[in-house]
Structure formats: structure tokens, C-alpha cells
Amino acid sequence: MSLTDWIVLGVTLLTIVIYGVWKSGANKNIDQYLMGGRSLSWYHVGLSVMATQASAITFLSAPGQAYSDGMRFVQFYLGLPLAMIVLCVTFVPIFHRLKVYTAYEFLENRFDLKTRALTSFLFLIQRGLSTGITIYAPSIILSTILNINTVYTTLFIGGLVIFYTVYGGTKAVSYTQLLQMSIIFLGMFFAGAMVVHLLPERVGFVKAIKLAGKLGRMNVIDWKFDPNNRYNVWSGLIGGFFLQLSYFGTDQSQVGRYLTGSSIGQSRMGLIMNGLLKVPMQFLILLIGILVFAFYQFNRPPMFFNRYEVEQVKKSNYAGQYNQLEDKYTAIFEQRKSKAENLVNALDSKDKTQISQAQQALKVVDKTSGEIRREAIALMKKNNVKANGDDTNYVFLNFVTHYLPRGLIGLLVAIVFLASMGSTASALNSLASTSVVDIYKRIINPGATDKNYLLASRLATIFWGVICVLMALYASKVGNLLEFVNQLGSYIYGTILGVFVVAFYLKNIRGNAVFIAAVITEALICIMGYFELVAYLWLNAIGCILVIVIAAAINPLMPDNKNRVIAGRNDEATS
């Protein structure tokens with residue numbers, strides 16, 4: 001990066017941190033630190049919810065996902081608007097009336113302490129691991145730019161987020177997210193405009209989309225029902241609905257965002273805002289990846305986008321073989337460029353026969369190019385079995401650092417940092433609140449002062465920050481970050497959602513039954529996920545349904561215990 005880019009990056013990050021700390025003010029008690037005094041407006045809530053979900057992984061991996069696999073990932077979000085409606089009707093008013101700090105407090109009020117503890121524990125595992133991934137994503141950028149190990153960049157980014165989250169609490173998180181999302185929207189708009197601008201003059205936006213479509217990248221909708229297909233309309237609407245409902249309704253990183261709303265109405269409006277904007281936003285981010293794909297039809301892409309892995313194989317005994325593959329890749333690219341230009345000419349002619357012939361010719365060359373790339377990856381694996389053969393996380397980064405003008409590179413890099421900081425800060429705040437409210441305050445030290453709980457919240461934030469950084473150091477082994485985070489969540493979210501569905505709608509089922517059902521279900525889901533019996537999105541629906549069915553079946557067999565009800569009065573909420 002140039003000096004201008006470094007200045008833009010540094011000023012943007014520094015401004016965000018200073019602004020967040022300044023706006024957060026002094027936190028005098030645990031309610032201000034964890035809930036922001038429950039005083040935020042709907043647009044604050046909406047942008048905070050979006051920023052928590054839209055991590056650096058979204059802006060780093062999603063364009064690469066579209067580049068390699070097309071637009072079909074957008075179907076993952078089709079169930080989100082439906083989930084927002086259910087949340088607004090059911091979850092939000094109950095949580096607000098109970099004045100809970102975490103979603104899991106409600107479960108003790110409805111069932112018992114062990115059910116609350118189990119769901120809290122499952123959340124802490126899932127969110128602790130996945131937050132490490134969100135820290136790792138921007139460390140890829142710094143390590144690529146500075147050509148240093150990701151260990152050092154991970155430690156730097158983790159330390160920066162821990163600092164302002166520990167100091168400012170949830171208000172610092174929310175106010176920084178408000179500014180972050182504004183900068184992110186602006187930056188991604190400029191990125192998309194620049195990709196179109198850099199396309200050959202005869203191509204333009206429309207032809208770039210058509211070109212990508214002819215190579216199978218505009219696969220936005222797939223109506224075929226296939227439980228083994230990760231992304232189609234049905235997995236998105238059904239599996240995605242259960243995943244989004246569980247994520248926004250039972251994951252404290254999101255529940256904590258909309259509980260900061262000043263009223264039920266403000267929280268509802270914030271969630272509706274998220275439901276209306278998230279799918280179009282994700283579509284446009286993926287579309288940038290499609291445009292980058294079209295751009296690389298006319299400009300030679302790297303044979304492998306992860307420069308670190310390329311350097312490792314070039315330092316090995318396989319360097320000669322790899323260089324030969326690169327020469328072949330360059331030669332086949334010239335053919336691909338020629339075939340792509342022929343397809344553009346055919347599209348101009350609107351002759352269906354000519355278009356079909358040009359399309360098939362380009363597909364043949366594209367297939368040969370892919371085979372050479374696979375040979376290169378096999379060579380990397382031969383040199384180092386642990387080499388990461390998935391470079392989708394580096395596609396957009398390579399384009400940004402090589403083709404965008406000075407200043408805009410720094411802004412785009414800052415965007416990935418801001419997204420990571422926003423989602424990571426929310427996660428650390430939620431991990432701290434769950435640890436303190438559901439474990440420390442409820443089980444370990446229930447009679448302490450507000451000052452004690454405030455200190456415990458800060459210490460818990462530091463503890464989880466360290467855990468997440470350690471997880472981030474392992475993240476290079478997991479492949480595509482975007483898919484991995486969603487796969488990880490699908491192992492747990494269905495079970496937790498099932499517990500909440502029983503709590504809300506099946507009032508005759510008691511705590512012992514739902515606790516046993518949740519334990520059995522989680523074991524079954526882990527087995528199904530490990531052996532990949534179905535596509536991972538379906539695990540969310542299966543997990544939820546299994547908890548309901550098993551709990552209903554064994555409830556008559558359980559010893560009679562007090563059946564708690566959903567309460568609406570403040571004095572019935574546990575603490």
C-alpha cells in the first residue's frame with residue numbers, strides 16, 4: 001500500500017476507536033456497561049444488529065465465494081425476513097418485559113437453572129470459537145500487505161478490539177458500529193463502481209453480468225429440492241429460517257444488540273430494518289465478486305490467490321514444476337481472454353447460435369484453466385500436507401491491492417477492519433454478559449455489589465478476548481471463513497432454538513424433559529454434521545424439531561416438577 005493508503009487506514013481506525021470511547025461515557029453499573037442503559041433508538045439498533053452479523057468475513061470471503069461458486073450463497077439469507085417477523089411478535093416483547101440482561105435468564109424463569117446453564121454453555125462455546133474466525137479475517141489482510149506472519153497481525157487486531165470493548169462497554173460497541181456501517185456502505189459502493197470502471201470499454205456492467213452468467217456464476221435461484229445441496233431456495237427458506245431465528249433470537253451477541261433499544265417498538269423497528277436491508281446488501285456484496293470474476297476474464301488472475309502459500313512452494317524443491325504450471329496457466333489465459341472477447345462479440349450480435357458456440361468454447365478453456373490450478377494446489381499439498389488449498393478469502397483482497405487507486409485501497413482495507421471490529425466487539429460484549437449474568441452472578445457470587453459485577457464484566461471481556469485470539473491463531477486451517485462460521489453455528493443453533501420454542505409455545509413441557517432432549521439432540525446433530533449426512537443448513541431445522549419431539553415424548557415420563565410459565569412482570573425475572 002502507498003503512504004496515502006496507510007494514512008487513510010490509520011485515521012479511519014483511530015477515529016472509530018476515539019469516537020466509540022468518547023460517546024460511551026462513564027459506565028457506573030452493569031446495566032450501563034452491558035445494556036447501554038437500554039436507551040438506543042431504532043436506527044442505532046438496526047445498524048448495530050447488521051454490523052454484528054456483517055463481520056469482516058462477509059466483506060472478505062463473500063466476493064471470493066461468488067467468484068468461485070457464483071451467486072447461489074444469497075439463498076442462505078432468504079429465511080431472514082421471516083425470522084425477523086417471528087422475533088418481533090414473540091421474542092422481543094417477552095425479553096423487554098422481563099428486563100433480562102441475557103436471553104438465557106428467561107429459560108430459568110420458564111424451566112430451571114440447569115436448562116439455563118446448558119444453553120448458556122452452548123452459546124459460549126459457539127460464539128467463542130466463531131469470534132476467533134472474525135478476528136482472523138482482517139489479519140489475513142495485514143499479513144498479506146506487510147508480508148509477515150498472521151500471528152502478529154492477529155494479536156494486534158485482537159488487542160485493539162479488546163481495548164475499547166473493555167473500556168466503553170456496549171455503548172462503545174453500538175456507537176462505533178453506527179459509524180462503521182456508514183463507512184462500509186460508502187466504501188463498498190465505490191469498490192463496485194471501480195470494478196465496473198476497470199472493465200474493458202466494450203464490456204461494461206450488463207455484459208459483465210451476462211458473461212459471468214454464461215459461465216454459471218449467476219446461479220441466484222435454485223428451485224430443486226436436494227437435502228445435500230447447501231444452497232437452494234428450500235435450504236435457504238427452511239434451514240436458513242431456523243438458523244436466522246436461532247441466531248437473532250437466542251444468540252446473546254444479537255439479543256444484546258436489540259435489548260439496548262429504548263422500547264419494544266424501537267427494537268422491533270431495528271430488526272425490521274435489518275430484515276429489509278440484509279438480503280439486498282448481501283446480494284450486492286456477492287455481485288462485486290461476480291464483477292471481479294468478469295474482470296479477471298480479461299486480466300490475468302494469479303494461478304493461486306494466497307501469496308503466502310505460493311511463496312512456500314516456490315522456495316521448495318517443487319519450484320520448477322510450479323513455474324512450469326504458471327507458464328501453462330499464462331498461455332491458457334491468453335486463450336481464455338480471446339474466447340471471452342469472442343463471447344462479448346457474440347452477445348452484441350444477439351445470434352443465439354453464435355452465442356452458444358462462443359459460450360462452449362470459453363467453458364472448455366475455463367475448464368482447462370481450472371485443471372492447471374488444481375495441479376498447482378496438489379503440488380502445494382505435496383510440498384506441505386497442511387497447506388491451505390482454499391484461496392477464496394484472498395480473491396477480493398488481491399483485486400483491491402493490485403487494481404484500486406491510492407486512498408481507496410486504504411479505505412477498503414479499513415472497511416474489512418471495521419467490520420471485524422464491530423462484530424468482534426459485539427461478540428466479546430455478549431460473551432462477557434453471559435459469563436457474568438448467567439454464571440458468575442447467578443451461580444458463583446449471587447450477592448455481590450454492582451461495582452463487583454462491573455469489574456467482573458470487564459475481566460470477562462478480557463478473558464474471552466484472549467480465548468478468541470487463540471482461536472484466531474488456529475483459523476488458517478478451516479478453509480473458507482464464511483462457510484465455516486455458518487457450519488459451526490448450525491451445529492448448535494438448532495438445539496438452542498428448540499429449547500426456546502418449547503419455552504414459548506409448549507407450556508406443559510417441564511424443565512427435566514427439555515434438558516434431556518437438548519443433550520440428546522446436540523449429540524445427534526454433532527454426529528450428523530461430522531458424517532455430513534445432510535447439508536449443514538438443514539441441521540438447524542432438524543435440531544429444533546428433534547428437541548421439540550423428544551421433549552414432548554419423554555415429558556410424561558419425567559418426575560413432576562414445578563412447571564414455570566412465561567412471565568411478564570419485572571419481579572418475575574431472574575437475575
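Residues are numbered from 1 along each chain as its sequence is written, and side-chain values use heavy atoms, with hydrogens and water left out. Because the model is predicted, local features need pLDDT of at least 70 and side-chain atom pairs count only at pLDDT 80 or more, whereas totals for chains, interfaces and linings use all residues. The protein chain has an average pLDDT (the predictor's confidence in each residue, from 0 to 100) of 84, and 89% of the residues score at least 70. Over residues 562-575 the pLDDT is below 50, although this stretch has 36 contacts (heavy atoms within 4.5 Å) in the model beyond near neighbours in sequence. Where pLDDT is low, the predicted coordinates should not be read in detail.

Nonpolar cores were defined as sets of buried Ala, Val, Leu, Ile, Met, Phe, Trp, Tyr and Cys residues joined through side-chain atoms within 4.5 Å. Buried denotes under 20% relative accessible area, exposed over 50%, and partly exposed in between (1.4 Å probe, protein chains only). The largest nonpolar core comprises 155 residues, and those with the most contacts inside it are Phe 91, Phe 95, Phe 106, Tyr 258, Val 292, Leu 412 and Phe 500. Helix 17 (residues 408-444) gives the most to this core, contributing 14 residues. Helices (H or I, at least four residues) and strands (E, at least two) are DSSP runs, numbered from the N terminus. Another core, of 15 residues, lies apart from the largest one and includes Val 313, Tyr 322, Tyr 329 and Ile 332.

The structure holds 36 aromatic pairs. Rings of Phe, Tyr and Trp (its six-membered ring) pair if their centres lie within 6.5 Å; planes under 30 degrees apart count as stacked, over 60 as edge-to-face and the rest as tilted. The pair of Phe 106 and Phe 504 is stacked, because the ring centres are 4.9 Å apart and the planes lie at 25°. This pair links distant parts of the chain, with Phe 106 in helix 6 (residues 105-110) and Phe 504 in helix 20 (residues 493-505), 398 residues apart. Both residues, Phe 106 and Phe 504, are buried. Ring pairs also join them in a cluster with Phe 91, Phe 95, Tyr 104, Phe 123, Phe 500 and Tyr 505.

Glu 309, in helix 13 (residues 307-314), is buried, with a relative accessible area of 10%. Beyond its neighbours within four places in sequence, Glu 309 contacts Phe 304, Met 380, Ala 387 and Asn 388.
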